Amino acid sequence: MNYDGIMNQRIQDVPPSGIRKYFDLLEDMPNAISLGIGEPDFPTPWHIRDAGIYSLEKGLTKYTPNRGFSELLRQIAAYLQRRFDLNYDPMSQLLVTVGGSEGIDLALRCLIEPGDEVIIPTPSFVCYGPLVSMSCGVPVYVETKAENEFRLTPEELRSAITPKTKVLVLPYPCNPTGGIMERADLKVLADVLEGTDIMIISDEIYAELTYGGHHVSPANLPELYDRTIVVNGFSKAYSMTGWRLGYLCAPKAISSQMVKLHQYGIMSAPTTSQYAAIEALQYGDGDIEAMRDEYDGRRRFLLDGFRELGLECFEPKGAFYMFPNVSKVSGLTSDEFCTRFLEAEQVAIIPGSAFGPGGEGFARCCYATSMKDLDEALKRLARFLKQFQN
C-alpha cells in the first residue's frame with residue numbers, strides 16, 4: 001500500500017510538536033526536574049473528584065445533551081458573570097467541549113473556508129497554526145516582541161491584515177510567554193478591526209491565572225463582543241487537565257453551527273467530567289485563589305532567580321510560565337541550549353523556537369512545580385551557565 005499517496009497531504013505536511021522531543025528524552029532520566037510540561041502540579045481538589053466519583057457510584061453514565069448538561073451551562077454562565085463580568089445566554093451561546101483544544105478546533109473549522117487567512121501572534125501555543133492548516137486555512141504569523149512584553153500591537157495587527165483575513169487568534173494570557181493584554185491594549189486593536197468582518201478567537205484557558213490585576217477578555221469590550229469567540233475550560237483553573245472539559249462562548253448564530261460540528265464529531269463531552277465541573281463552578285472559587293497564590297509566589301521566586309543569574313526576563317503577568325532569553329548569555333540557539341542543559345544537568349525546559357516566530361533565543365520554563373524543585377533547578381542552571389562566563 002502506498003500510504004503516502006492515500007493519506008491527506010495537509011495532515012502529512014504538519015510537523016510534529018517541537019515540545020515532544022524533550023518529554024521523550026526525560027523518560028530515561030529518573031532524577032530529572034521538568035519545567036517543561038504545562039500542567040498544574042496540584043491534584044484536582046478533593047470535593048471536585050468526589051462529585052465525579054459520586055456520579056459514577058449512582059450510575060450516572062449516559063450521554064448528555066450535545067451542548068452539555070443544562071445545569072452545567074447555567075453554572076458556566078453564572079461563573080463568567082461573577083468572575084469576569086461576561087454575559088452569555090447559557091442555552092444558546094455556550095457549548096461544553098472536550099477540553100479547550102476541541103473548542104479551538106471547532107471555532108476554526110466553523111469559520112474558515114479554503115484559503116482564508118488566520119492571524120496568529122507568536123510566540124504562542126503550538127496548536128493554532130496546525131489546526132488552521134488542517135482546516136484548509138492559511139496561518140499568518142505575527143512576531144510579537146519582548147520589549148512589548150509580547151503584546152500584540154495595533155501596528156503589528158494592521159500590517160498583517162489582507163482581504164483574505166478571516167480570523168484573529170488572541171492567545172492571552174499567553175503560553176509560552178506569560179504575557180497578557182490589558183483593556184487599553186484591546187481597545188486599540190478594536191480600532192484596527194472596526195469596519196471589518198474579522199472574527200476573534202480568544203483562548204482564555206489561563207484567565208484565572210492573572211497576577212496583579214484582573215483578566216480582561218475581548219468580549220468585555222462592547223465593540224468586540226459580537227466578533228469574539230471565547231475558549232475556556234477547567235484544566236488550568238481547577239487543575240482538571242485529565243478530565244478533558246472545556247467550553248465555548250459565541251454569538252448565537254455561530255454557536256448553533258459549532259453545536260452541529262460537535263454533534264456529529266463528538267456527540268457530547270464526558271458525563272462524569274460534567275458532574276465534577278458543576279461542583280467546581282459552584283464551590284471552587286477558593287481553590288482557584290489558593291492555587292493562584294501559590295503560583296504567584298513561585299513566579300516571583302523564579303523571576304528573581306533568573307535575574308540574579310543574569311538572564312533577561314520580563315515579568316510575566318499571566319499563566320505559569322517564564323520566558324527568559326537564554327541565547328544572550330550562551331551564544332547558543334534555544335534548541336541547543338535546552339538540549340545541552342537537559343543532558344548536562346537533567347533539567348527540562350522548552351526552546352522558544354517550538355512556539356513559532358519570535359521564540360528563537362528564549363526558553364519556556366513552567367513553574368507549575370514545587371518550590372523545592374524550582375530551587376534545585378536554579379542551582380543546576382547556575383552551574384550550567386558558568387561555562388559561558390568569561
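## Close-up views of the structure

**View A. Met-267 sits in the loop between helix H11 (252–265) and H12.** Helices (H or I, at least four residues) and strands (E, at least two) are DSSP runs numbered from the N terminus. This is a predicted model, where local features need pLDDT of at least 70, side-chain atom pairs count only at pLDDT 80 or more, and totals for chains, interfaces and linings use all residues. Residues are numbered from 1 along each chain as its sequence is written, and side-chain values use heavy atoms, with hydrogens and water left out. Met-267 is not a glycine, yet its phi is positive, at about 85 degrees. Its relative accessible area of 33% makes Met-267 partly exposed (buried is under 20%, exposed over 50%, partly exposed in between, with a 1.4 Å probe and protein chains only). Gln-346 also has a positive phi, near 55 degrees, in a residue other than glycine. Look for Gln-346 in the loop between H15 and strand E10 (347–348), where it is partly exposed at 26% relative accessible area.

**View B. Two prolines follow cis peptide bonds, at Thr-122 to Pro-123 and at Tyr-172 to Pro-173.** Most residues other than glycine have a negative phi, and most peptide bonds are trans. For the bond from Thr-122 to Pro-123, omega is near 0 degrees. Pro-123 belongs to the loop that runs between strand E3 (117–122) and helix H7 (128–134). For the bond from Tyr-172 to Pro-173, omega is near -10 degrees. Here the loop holding Pro-173 lies between strand E5 (165–170) and H9.

**View C. Leu-189 in helix H9 (residues 183–193) is a buried residue.** Its relative accessibility is 2%. Leu-189 touches Leu-152, Thr-153, Pro-154, Leu-157, Leu-170 and Met-181, leaving out residues up to four places away in sequence; contact means heavy atoms within 4.5 Å. Glu-204 is 15 residues from Leu-189 along the chain, and the C-alpha atoms of the two are separated by 17 Å.

**View D. Helix H12 (residues 271–283) is largely enclosed by the rest of the structure.** Among the buried ones are Thr-271, Gln-274, Ile-278, Glu-279 and Leu-281.

**View E. The largest nonpolar core has 36 residues.** Such a core joins buried Ala, Val, Leu, Ile, Met, Phe, Trp, Tyr and Cys residues through side-chain atoms within 4.5 Å. Phe-306, Phe-320 and Phe-337 touch the most other members. Two or more residues each come from helix H13 (285–308), strand E9 (321–322), helix H15 (334–345), strand E12 (363–366) and helix H16 (371–385). H16 gives the largest share, six residues. Not counting residues up to four places away in sequence, Phe-320 touches a set that includes Gly-38, Pro-40, Tyr-206, Lys-236, Tyr-295 and Cys-365. A second, separate core has 31 residues, including Ile-48, Ala-77, Trp-243 and Ile-278.

**View F. Glu-71 and Arg-74 are paired in a salt bridge.** The term covers a side-chain nitrogen of Lys or Arg within 4 Å of a carboxyl oxygen of Asp or Glu, and the whole structure has 23 salt bridges. Between Glu-71 and Arg-74, the closest N and O atoms are 3.2 Å apart. The two are separated by about one helical turn because they are three residues apart in helix H5. Glu-71 is partly exposed at 29% relative accessible area, and Arg-74 is partly exposed at 41%. Arg-83 and Asp-285 meet in another salt bridge, at 3.5 Å from N to O. This pair links distant parts of the chain, with Arg-83 in helix H5 and Asp-285 in helix H13, 202 residues apart.

**View G. Asp-296 and Arg-299 form a salt bridge within helix H13.** Their closest N and O atoms are 2.8 Å apart. The residues are three places apart, about one turn of the helix. Are Asp-296 and Arg-299 buried or exposed? Both are buried. Elsewhere, salt bridges with shared partners join Arg-82, Arg-83, Glu-208, Asp-285, Glu-289 and Arg-292 into one network.

Note on methods
The expected span of a helix is 1.5 Å times one less than its number of residues.
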